Amino acid sequence: MSYPQRSTGLEYLGFPQDYGPWTYRAVPDPFVSSELARLASAQIITGKATMTSCVSLQPCPDPAERSQDRFIVLEWDGWSFAAVFDGHGGEETVDYVLKELPSFVRAALTKALTDAGATPLALSTVSSILQSSIQAVDDALTNVVKQLFPDEVAIAALTDEQIKSTINDPSNSNNLAILRCMRGTTALVSLVDPKKENLWVASLGDCQAVLGVKQSNGTWDATILSVNHNGMDPAEAARIRKEHPGESECVKSGRVLGAIAVTRAIGDHIFKLPSSYTSRVFMNCVPGFRISSKLEDFLPRVKSPPYLCALADIQHVALPPSTTNICGAFLILCSDGLVDLYKYTKPRRPALKDIATQWVHALGERMDGNFSKAAGGEDVDNAALVLLRHALMGGREDPDRLAQMLTVEIPWRWMDDTTVLVQRF
């Protein structure tokens, strides 16, 4: 079926007025909403303890611009594990973490339960398991590189050709190990106990976790359980400056060393190891870096690494008692792309708390049954799809804007990778 072609400047994404215009297809509802569900691979994962709605979207058709977001939903003997990872600079690190982190957490949790026997695990024990598992995954990346190149003295003793032969030989795994240190990812992890009494959220980076809870008077409250680990956060910027006294550019223009937005991540070892690892090892690796900042601009600022860390913040909350067939709480996990879609909302950008409240109220009304089915007729049971559609349309019913976001013909990505999970308890 053919649709009219129109033009857009995507002003609501903050593009300058002299950009564009670009052509898009004016696909009407319900077809554009169906296309959104397809492009976002909308699905619902039903487990014994929870039901999780999932979407993940990068509408740019260029294979080189494919999404670096990842997510996973698992259950282990009644424990519910879910995670969102926002990869950057390449896919090697995020794919590694997607595979390894759940195993680290499960192994540590199983050991703790075995050691505890009939005694319930302390809440702090579970918090420590999440925090130490995330750190251990990052340490594992570091250890492989240090096995190949123990220190700066060892690197200095090698020629560039010797280094290249060590890390670029296709017959061994060294190349992938180096690439995993050159790329990076955030991590947002949730864990719920078998009785659905306790929820833990571990945040590393700038993904968002929001808990919606129904109060006794029937209203829904939103609580942000994640922490924004980026250079724009005053507490994070102050922490890094305290750790690197006398280095005025350790945080520059809201970025670590003026180069990277997040202050905590797995991987990104160019910000964690001495600069010789970057100039002699990482820069000799094939394929090379895929980052927007120029290495020569910020590498001279690397004086006392590490500047990034992999220490996750952990939040624990007690969940309200569940009632049969009635949803009293749900958890939203999302990459920062969902929040960024509200960045240029007029007349002003809403605060994160306001956005979170919008999300919880919108989903709470649907779960209560107090809603009119959207014009697009989207599957209201897929709560993550509801939130994604809401954000793409700027918080209002605007199917034409949705069509622009999905079909605009631009040769590069026009929005960030966006992943949303909504887990009902």
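Helices here are DSSP runs of type H or I with at least four residues, numbered from the N terminus. The model is a predicted one, and the residue numbers count from 1 along the chain as its sequence is written.

Begin with threonine 93, which is found in helix α2. Is threonine 93 buried or exposed? Its relative accessible area is 0%, and because buried means under 20%, threonine 93 counts as buried. Once neighbours within four places in sequence are set aside, the residues in contact with threonine 93 are Leu141, Leu179, Arg180, Arg183, Gly184, Thr185, Ile266 and Gly267.

Next, select residues 92-116, helix α2, together with residues 123-148, helix α3, which pack at an angle of about 140° with their axes 9 Å apart. The two helices α2 and α3 are therefore oblique to each other, and their crossing is right-handed. To see the contact itself, display side chains on both helices: α2 contributes residues including Thr93, Tyr96, Phe104 and Ala112, while α3 contributes residues including Thr125, Ile129, Ser133 and Leu141. Sorted by class, this contact of α2 with α3 has 15 nonpolar, three polar and no charged residues.

Then turn to the largest nonpolar core, which has 62 residues and in which Ile178 and Phe282 have the most contacts; α2 gives the most to this core, with eight residues. Centre the view on isoleucine 178, whose contacts, leaving aside neighbours within four places in sequence, are Val145, Leu148, Phe149, Ile167, Val281, Phe282 and Cys285.

Finally, select Leu13, Tyr24, Cys334 and Val408, which are among the 49 residues of another core lying apart from the largest one.

Notes. This is a predicted model: local features need pLDDT of at least 70, side-chain atom pairs count only at pLDDT 80 or more; totals for chains, interfaces and linings use all residues. Side-chain values use heavy atoms; hydrogens and water are left out. Axes are lines fitted to C-alpha atoms, for helices over the stretch in contact, and angles run from 0 to 180 degrees between N-to-C directions. Angles under 35 degrees count as roughly parallel, over 145 as roughly antiparallel, 65 to 115 as roughly perpendicular and the rest as oblique. A crossing is left-handed if the near helix is turned anticlockwise from the far one by less than a right angle, and right-handed if clockwise. Contact means heavy atoms within 4.5 Å. Ala, Val, Leu, Ile, Met, Phe, Trp, Tyr, Cys and Pro count as nonpolar, Asp, Glu, Lys and Arg as charged, and the others, Gly among them, as polar. A nonpolar core is a set of buried Ala, Val, Leu, Ile, Met, Phe, Trp, Tyr and Cys residues joined through side-chain atoms within 4.5 Å. Buried means under 20% relative accessible area, exposed over 50%, partly exposed in between (1.4 Å probe, protein chains only).
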